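Colleague: Hi! Could you walk me through this model?

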Amino acid sequence: RLHLVTWNVGTASPPPDVTSLLQLNSLGPTMDMYVIGLQEVNSRITNFLSDLAFDDPWSIFFMTVLSPLGYMKLSSVRMQGLLLLIFVKHVHLPFIRDIHTHYTRTGLYGYWGNKGGVTARMSLYGHTICFMNCHLPAHMENTEQRLDDFEKILEMQFEGENIPSTLDHDVLFWFGDLNFRIADYGIHFVRESINNKRYNLLWEKDQLNMAKKKEAFLQEFIEGPLQFKPTYKFDLYSDVYDTSEKKRKPAWTDRILWRVKNLCQHAPKEGEFSDEQTISVTLNNYISHMSYGISDHKPVTGTFGLELKPLLSDPLVTLNPEGEWSAKHDVLISYSAVPEFPSSAWDWIGLFKVAFRHVNDYVTYAWVEDDEISSNKDSKQVYMSATEIPDTGGEFLLCYYSNNLQSIVGISQPFQIQPNRSLIEKDLTQEENSWMQKPDNLESHNEF
């Protein structure tokens, strides 16, 4: 289950709550992956420079929401105001490989990144998936420019060997503030149709729908029905369309489309695959979220079911903690790899809290070669020093990171590290002693 978000946030800070946006209270099964595409993230020069060194406020915000629920930030790519974030449940990590990102500037003839696309791709259980978050040129008259820019973004190539071009991926998701408008009809007709919930009257004059009928490269892209109000342009913190002097005509600028390569003409029965089709995409819902008012756009989400015939079924590495873990003694990790695994001296095993945010959020790590203590044809052992083990204990897991594949290729079951009670008691005693001394300090301060 994949939940995809597109939202032009208009340089605003994150809202207090995104429970409904991420459907966290949904009664159905939880999502396996969240893909969040934002446009117009605050990109003033000072913000952008600090964001290069640290995660930006939106990334931190979504990590804070999703990591306690068992999701790790798998990938992120940013180009000025465009940001693409991908979160995934831990159980899928060993089956996601070949993660690459790219960005394409189209603003100011390709020299400026205020418009363009940010793209992330991966192999998911052996299938190639690509996500493309775009911000295309604004204004009614720029339809051709939007199409030209999208074609340019589609032509970009990922760096690396044997990585397919964008359209050669098994599934391609295209979303963002695509800025297509409603042509021909006047503002009064458009608003009246919206007020009466007769959205279908507007579909045939939606510029993207019109372009799909003419442009061959768009015809393989699928979109769910636009059965929600146009998502642009609203007064801030309201569900009232633009009351400024410009009175912009409402439009479905914020869209989610997808394309399945070699989609069979005759769909197989539910729950079955044809010989050619090893992946299918089902749209479960496609909605806007009117309650969010931090920008003049409303966010749009698509919830999808991806049905995959797994081309990978076993992790490359399996690993386990040995014995009881605590900070009283050095600890051991055993692991084994499949014969074809391309190991490297730069591979490492990280100790992570269960609610870790991303791959660099480890507590400590061991190099698989430097810290190895035993090896045979079936398994190897590495150690971690007692000085690196958290005294407070808690629930943790181990991840094996492959330098060659630039991804986590093995993950352990969660396990407990026992607290080091003697050190904790010592710390508590020291705290009590420091509190005992405080009244004297306060008195001398008052005298002064």
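Colleague: What should I know about the source and numbering?

Modeller: This is a predicted model, where local features need pLDDT of at least 70, side-chain atom pairs count only at pLDDT 80 or more, and totals for chains, interfaces and linings use all residues. Residues are numbered from 1 along each chain as its sequence is written, and side-chain values use heavy atoms, with hydrogens and water left out.

Colleague: How many helices and strands does the protein have?

Modeller: There are 7 helices and 22 strands. Both are DSSP runs numbered from the N terminus: helices are H or I with at least four residues, strands are E with at least two.

Colleague: And what share of the residues is buried?

Modeller: Buried residues make up 48% of the 448 in the protein. Buried means under 20% relative accessible area, exposed is over 50%, and partly exposed is in between, using a 1.4 Å probe and protein chains only.

Colleague: On to aromatics. How many pairs turn up?

Modeller: The search of the whole structure gives 29 aromatic pairs. Rings of Phe, Tyr and Trp (its six-membered ring) pair if their centres lie within 6.5 Å; planes under 30 degrees apart are stacked, over 60 edge-to-face, and the rest tilted.

Colleague: Why does the pair of phenylalanine 150 and tryptophan 174 count as stacked?

Modeller: Their ring centres are 3.6 Å apart and the planes are at 10°, so the pair is stacked. Phenylalanine 150 is in helix α3 (residues 143-154) and tryptophan 174 in strand β8 (residues 171-177), so the pair ties together parts 24 residues apart in sequence. Phenylalanine 150 is buried, at a relative accessible area of 0%, and tryptophan 174 is buried with a value of 0%.

Colleague: What about tyrosine 199 and tryptophan 252?

Modeller: Here the centres are 6.5 Å apart and the planes at 85°, so that pair is edge-to-face. Tyrosine 199 sits in the loop between α4 (187-195) and α5 (200-203), and tryptophan 252 in the loop between β9 (222-223) and β10 (254-260), 53 residues apart. Both tyrosine 199 and tryptophan 252 are buried.

Colleague: Which residues in the largest nonpolar core touch the most other members?

Modeller: In that core of 52 residues, they are Met33, Val35, Leu74, Met122, Phe131 and Phe173. A nonpolar core is a set of buried Ala, Val, Leu, Ile, Met, Phe, Trp, Tyr and Cys residues joined through side-chain atoms within 4.5 Å.

Colleague: Nice. What does valine 35 contact?

Modeller: Leaving aside neighbours within four places in sequence, valine 35 has contacts including Leu2, Leu84, Phe131 and Phe175. Contact means heavy atoms within 4.5 Å.

Colleague: How does β16 pair with β17?

Modeller: Strand β16 (residues 348-353) and β17 are antiparallel over 4 bridges, and tryptophan 348 has tryptophan 367 as its bridge partner in β17. Two strands pair if DSSP finds at least two bridges between them.

Colleague: Last one: is aspartate 370 buried or exposed?

Modeller: Aspartate 370 counts as exposed, at 64% relative accessibility. This residue lies in the loop between β17 and β18 (372-375).
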